[in-house]
Amino acid sequence: MSLRIVVTVKYVPDATGDRHFADDLTVDRDDVDGLLSELDEYAVEQALQIAENSDDDVEVTVLTIGPEDAKDALRKALSMGADKAVHVEDDDLHGTDAIGTSLVLAKAIEKAGYDLVISGMASTDGTMGVVPALVAERLGVPQVTLLSEVSVEDGVVKGRRDGDAASEQLEAQLPAIVSVTDQSGEARYPSFKGIMAAKKKPVQSWDLSDLDIEAEEVGLDGAFTKVEAANERPARTAGTIVKDEGEGGKQLAEFLAGQKFI
Ligand SMILES: Cc1cc2nc3c(=O)[nH]c(=O)nc-3n(C[C@H](O)[C@H](O)[C@H](O)COP(=O)(O)OP(=O)(O)OC[C@H]3O[C@@H](n4cnc5c(N)ncnc54)[C@H](O)[C@@H]3O)c2cc1C
């Protein structure tokens, strides 16, 4: 038997860098370095563990939608051990929102072929955590989200979702989509051998026409959401220094009350 796993990985702007808005109020992606979303490293790790623990033939494909530089995210996932990669890139994707993103991902997943899709719990930039559910709906397959443990046995994906008061054991018949949390297990570092091997692994590039998607269905025009206004975060101001001359506690409390912290 064989198992085809597709892992959705997002190339995100580095949160430690300065990020700015472009004139059309989208994030200026040319202005900032990017990287593989840390939360998607957990998804890659779970796919690799399923492959390593399986007697079946398992193929792990990593998939991203993003600009040219998003290939860096694919290379990292390939260095970790994924077998091949798909990059969806098209100028008309500029301004695509979560609903458009789910359309493109679903079409690409179908084209790649899959039994199981593994996503992160949320991206580290948009952090909406909605894409896996939207993709499941479009593909018409079960979704089992926010798993901290995941395994596949006899055509069934099983996992544990930890809540505040209880943990649930969940399962779904394949094909299915799951998302995994940052509690699912530390992601491995790419080894030197892995980095060298990744250079030879196949990366396919698709645009919207390869996926039978019209430009109007995505991008800013096709988006269901619209950013009306955005402001840069104000520059940091000097802090308030309270010198304790016997009244420090009172002054501290007054300061916190003034800021509505207490
Ligand atoms: C070039 C470009 C321009 C964009 N412009 C805008 C914009 O102007 N406005 C806007 O609202 N959105 C825009 N987006 C889409 C946005 O970056 C998000 O991908 C989308 O809104 C999903 O929201 P999220 O990141 O919060 O996803 P979440 O729901 O938090 O993501 C959950 C999981 O879904 C998967 N996933 C999400 N996005 C991708 C992806 N791109 N590729 C592969 N897997 C993914 C990952 O596994 C992730 O862990 C743009 C995307 C691209 C590539």
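Reply: Gladly. Two strands pair if DSSP finds at least two bridges between them. β1 and β4 share seven bridges in the parallel sense, so they meet that cut-off and count as paired. One thing to keep in mind is that this is a predicted model.

Me: What makes β1 and β6 a pair?

Reply: Three bridges join β1 to β6, and the two run parallel. Since at least two bridges are needed, β1 and β6 pair. β6 and β11 also run parallel, joined by five bridges, and serine 119 stands opposite serine 179 in β11.

Me: In what order do the strands of the open sheet lie, and why are β7 and β12 called edge strands?

Reply: The seven strands follow the order β7-β11-β6-β1-β4-β5-β12, with parallel pairing. β7 (143–147) and β12 (203–206) are the edge strands, as each pairs on one side only. From one strand to the next, the twist averages 20 degrees.

Me: Which helix lies across β1, β4, β6 and β11?

Reply: That is α1, which runs at about 150 degrees to β6.

Me: Why is glutamate 186 called exposed?

Reply: Glutamate 186 has 9 C-beta neighbours inside 10 Å. A residue is exposed if that count is 12 or fewer, so glutamate 186 qualifies. Glutamate 186 is placed in the loop between β11 (176–180) and α5 (192–198). The C-alpha atoms of glutamate 186 and tyrosine 42 are separated by 6.8 Å, although the two residues are 144 apart along the chain.

Me: How do you know that β1 is mostly covered?

Reply: Five of the seven residues of β1 are buried. Buried here stands for 20 or more other C-beta atoms within 10 Å of a residue's own.

Me: What surrounds the ligand?

Reply: A shell of 33 residues does, with Gly120, Ser123, Gly126, Met128 and Val131 the closest. The shell divides into 13 nonpolar, 16 polar and four charged residues. Gly counts as polar in this scheme. Elements that each supply at least two shell residues include α1 (38–52), β4 (57–65) and α3 (98–112).

Me: Which residues does UniProt list for a domain?

Reply: An unreviewed UniProt entry lists residues 24–215 as "domain: Electron transfer flavoprotein alpha/beta-subunit N-terminal". In the model, that span is 29% helix and 29% strand, and its end C-alpha atoms lie 18 Å apart.

Methods
Residues are numbered from 1 along each chain as its sequence is written. This is a predicted model: local features need pLDDT of at least 70, side-chain atom pairs count only at pLDDT 80 or more; totals for chains, interfaces and linings use all residues. A residue is near a molecule or strand if its C-beta atom, placed from the backbone, lies within 6 Å of it. Helices (H or I, at least four residues) and strands (E, at least two) are DSSP runs, numbered from the N terminus. Axes are lines fitted to C-alpha atoms, for helices over the stretch in contact, and angles run from 0 to 180 degrees between N-to-C directions. Two residues are in contact if their C-beta atoms, placed from the backbone, lie within 7 Å. UniProt positions are given in the numbering used here, feature names are shortened, and annotations may be inferred rather than shown by experiment.
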